[in-house]
Amino acid sequence: MQNTSKEYDAIIAKCRALFVNKMSDYGSAWRILRLPSLTDQIFIKAQRIRSLQQNTVRKVDEGEVSEFIGIINYCLMALVQLEKGVVEQPDLNTEDAAQLYDQNIAITKQLMLDKNHDYGEAWRDMRVSSLTDLILQKLLRVKQIEDNAGKTIVSEGIDANYQDMINYAVFAMIHLGEAK
């Protein structure tokens, strides 16, 4: 499992670098997005991955990896929105946003390590397409929870679903050889 931790960190370093660079370009404009908008952005990325996995013809020269990075970063934005709430104007500088990114990824990684221990790294025997389907399933769950005004009766909340999506996307990227 030590290898998984290092691979995870390598993937997140790539995602974080892109997040920080986009913060430099755009600021924290994403802070105005409501959770359903972020969920829809993640859904679009997951649907595109599934389409790429099913279709042999590609009309846009971007592969699955950039979409998985997008899923990870949008999920982290959603976790920040859950914690801080939506604002009317961008309110975070790059340093503060990166700190929130780091805090949320630390919690999410610990969840992965705990589940990885209990499940015996079963994800290593899964296909990338199955991880994509699990992300889509989690998205449908989140949409339902959002439609229920964030309330659940016996199920985990929205935050746990975003964290699982991050971890599934990291696993997919490890499978795709992006941890190097």
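**View 1. Contacts of arginine 16 in the predicted model.** Beyond its neighbours within four places in sequence, arginine 16 is in contact with Ala98, Tyr101 and Asp102. Its side chain makes a polar contact of 2.6 Å with the side chain of aspartate 102. Arginine 16 belongs to helix H1 (residues 2-26). The residue is partly exposed, at 28% relative accessible area. Asparagine 73 is 57 residues away in sequence, yet the two C-alpha atoms are 7.7 Å apart.

**View 2. Aromatic pairs, three by count.** Phenylalanine 19 and tyrosine 101 form a tilted pair, 4.8 Å centre to centre with 40° between the planes. This pair links distant parts of the chain: phenylalanine 19 sits in helix H1 and tyrosine 101 in helix H4 (residues 94-119), 82 residues apart. Both residues are buried. Ring pairs join Phe19, Trp30 and Tyr101 into a cluster.

**View 3. The stacked pair of tryptophan 123 and phenylalanine 171.** The ring centres are 4.1 Å apart and the planes lie at 5°, so the pair counts as stacked. Tryptophan 123 is in the loop between H4 and helix H5 (128-147), and phenylalanine 171 is in helix H6 (residues 158-175), so the pair ties together parts 48 residues apart in sequence. Both residues are buried.

**View 4. Lysine 143 over the face of phenylalanine 43.** The distance to the ring centre is 4.1 Å.

**View 5. Helix H3, residues 64-84.** At 1.5 Å a residue, its 21 residues should span 30 Å; the end C-alpha atoms are 30 Å apart, which agrees. Of the 21 residues, 16 are buried, so H3 is largely enclosed by the rest of the structure. Just after H3, glycine 85 takes a positive phi of about 85°.

Notes. Residues are numbered from 1 along each chain as its sequence is written. This is a predicted model: local features need pLDDT of at least 70, side-chain atom pairs count only at pLDDT 80 or more; totals for chains, interfaces and linings use all residues. Side-chain values use heavy atoms; hydrogens and water are left out. Helices (H or I, at least four residues) and strands (E, at least two) are DSSP runs, numbered from the N terminus. The expected span of a helix is 1.5 Å times one less than its number of residues. Buried means under 20% relative accessible area, exposed over 50%, partly exposed in between (1.4 Å probe, protein chains only). Contact means heavy atoms within 4.5 Å. A polar contact is a pair of N or O atoms within 3.5 Å; within protein, one must be able to donate a hydrogen and the other to accept it, and residues adjacent in sequence count only if both atoms are side-chain atoms. Rings of Phe, Tyr and Trp (its six-membered ring) pair if their centres lie within 6.5 Å; planes under 30 degrees apart count as stacked, over 60 as edge-to-face and the rest as tilted. A charge sits over a ring if NZ of Lys or CZ of Arg is within 6 Å of the ring centre and within 35 degrees of the ring normal.
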